[in-house]
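Work through the exercises below with the model open beside you. Try each task before you read its solution.

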Amino acid sequence: MPKPEEVKYTKTHEWVHLGAEAAVGISDHAQHEMGDVVFVELPKVGQKLEKEKPCAVVESVKSAFDIYAPVSGEVTAVNEAVTGDPALLNQSPLDKGWLFKIKTSNPAEGETMMDWAAYQEFIKQAAH
Amino acid sequence: MSTATTLSRTALNETMRKYGGKMVDFHGWEMPIQFAGILKEHEAVRKSAGLFDVSHMGQVFVTGADAFKLLQKINTNDLRKATPGKGVYSHVTNPNAGLVDDVIAFCLAADRYLVIVNATTSTKDYEWFKSQAGKMLVKIENKSDDYSMIAVQGPAVPKMFETFAPEALKLPRFGIVEKDIMGEHCYVSRTGYTGEDGFEVTAPHSIINQLWEHLMELGKPYGIVPCGLGARDTLRLESGYLLYGQDVDDFHTTYETGYGWVVSLDKGDFIGRDILVKQKAEGVKRRLTGLTLTGGVPRSGCKVFMDGKQIGELASATYSPTLKKGIGVGYMVPPDLKPGAAVEVEIHGKLVKAEITRVPFHKGTAFNKNIGA
């Protein structure tokens, strides 16, 4: 399980654990803002994703949220557990609530994303 | 109008924040959408007890020799059913039989009525009542700014009220009793918008925060939780209750909503009656119809298809925490779809299988016939 400090964050509140296979999920802040997650629609294994394009949907009781691919690449794995038990996104957004893994086609894309400190600052700014 | 600085606040605003309410703009009112979470709050109300600030709701008092006459004229339901100490759920209609509002009209005494109106429509209702009174001997007062309201909802609530308001326990559904609470004149009714048994307390602002704390204390043994508008919406939609402005408005009639039982054609004349007589004879062209999904969460505005052809769109839709499925209601053409009929709902550009479902989707304890007996 990656620590919150070990992953990078997007402005659309996804986290990505960079590596040959990049794991993607939603931030703890995001799950808190969404409220109870009740439905998750994931991309398919083998699907090609493009950075910043919507590729999954997370629905809370209140509303629907698009999930954007943090990096480009091919989906190598999806977390079937969250489709069966969407509450995992609330309970464990960085671990059991991961969404999918991408074989990144352009590792350099990860470098522009926020680290933990920058993301905290980003949330604080957005709140004002 | 809807900038953050102009939001109306209820007298409970600070208490809602203290309890962790996540505040949102609800039609110009700053109200809590949730506290611990919609699912937890929803479950608490279905299984035990929940507390809601519903002070945005309006109170219009109609008094005088012609109070009954006026209310009978502007309502679809028969006010003769509302004997002193009782209320009726009713629709206030315009000349086209569209809804000015949906209300609960309580008879406090033969010449004294309390009408609980929606937040967004209280001024409109008040003006409408006045315009229809003409020369009738009636006083109409919009006291929405003078009263707060707390809804205490759930199967454990009668037990909570055993010492607090024993006289309220004998009330039937839609019954009302006037009672001094903390030195102030209050109204306690056996009503609510959740589908569960419970009460709504209309009280002046001066005691409302103290009353909230007292009810939280009384509910502690039952695990009472503060609830927001999010749970209020999932609870009411499961119960098939209408949301004015979303499910019904000035341009839809009572028969089209499927609430025909609210219309008393035989009570004598009332506004919009001729249109309703005609609609009853000819049948409606569209009807608010329920459906249940196999997957995904439908939202207001989603299109509904049958055999590839669009038959309507959803007015209200959400995830049902009780059924653990998506549910929704919308005006469908044809109006006589049978429960179980296969339809499809378009969600994010994809068609999801659904079936026509009888409303209410879920019957809580409020649907028990022997309440108060």
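Domain bounds here come from an automatic or database domain assignment. This is a predicted model: local features need pLDDT of at least 70, side-chain atom pairs count only at pLDDT 80 or more, and totals for chains, interfaces and linings use all residues. Residues are numbered from 1 along each chain as its sequence is written, while chains are lettered from A and ligands numbered from 1 in the order in which they are written.

**Exercise 1. Overall build of chain B**

Task: Find the domains of chain B and describe its overall dimensions.

Solution. 
- Step 1. Chain B splits into domain 1 (4-57 + 145-238), domain 2 (59-142) and domain 3 (285-373).
- Step 2. Take the centres over C-alpha atoms: those of domain 2 and domain 3 of chain B are 31 Å apart.
- Step 3. Count the elements. Helices (H or I, at least four residues) and strands (E, at least two) are DSSP runs, numbered from the N terminus. Chain B has 10 helices and 20 strands.
- Step 4. Along the principal axes, the C-alpha atoms of chain B fill a box of roughly 60 × 50 × 45 Å.

**Exercise 2. Burial and cores**

Task: What share of chain B counts as buried, and which residues have the most contacts inside the largest nonpolar core?

Solution. 
- Step 1. Set the cut-offs. A residue is buried if 20 or more other C-beta atoms lie within 10 Å of its own, exposed if 12 or fewer, and partly exposed in between, with C-beta atoms placed from the backbone. By this count, 51% of the 373 residues of chain B are buried.
- Step 2. Define contact: two residues whose C-beta atoms, placed from the backbone, lie within 7 Å. Among contacts in chain B between residues at least 6 apart in sequence, 67% join residues at least 24 apart.
- Step 3. Define the core. A nonpolar core is a set of buried Ala, Val, Leu, Ile, Met, Phe, Trp, Tyr and Cys residues joined through C-beta atoms within 7 Å. The largest one has 114 residues, and Val62(B), Ala105(B), Tyr113(B) and Ile150(B) have the most contacts inside it.
- Step 4. Strand S7 (residues 99-109) of chain B gives the largest share of this core, 8 residues. Domain 1 and domain 2 of chain B both give residues to this core, so it lies between them.
- Step 5. Another core, of 20 residues, lies apart from it; Leu291(B), Met332(B), Val343(B) and Ile347(B) are among its members.
- Step 6. Look around Val62(B). Beyond four places in sequence, its contacts include Leu70(B), Tyr113(B) and Phe129(B).

**Exercise 3. Backbone details**

Task: Where do Pro334(B) and Pro360(B) lie, and is Phe174(B) buried or exposed?

Solution. 
- Step 1. The Val333(B) to Pro334(B) peptide bond is cis, with omega near 5 degrees. Pro334(B) lies in the loop between strand S18 (325-332) and strand S19 (342-347) of chain B.
- Step 2. The peptide bond from Val359(B) to Pro360(B) is cis, with omega near 5 degrees. Pro360(B) is in the segment after strand S20 (350-357) of chain B.
- Step 3. Phe174(B) has a positive phi, near 70 degrees, and is not a glycine. With 20 C-beta neighbours inside 10 Å, Phe174(B) is buried.
- Step 4. Asp307(B) has a positive phi too, near 50 degrees. Asp307(B) is exposed, with 8 other C-beta atoms within 10 Å.
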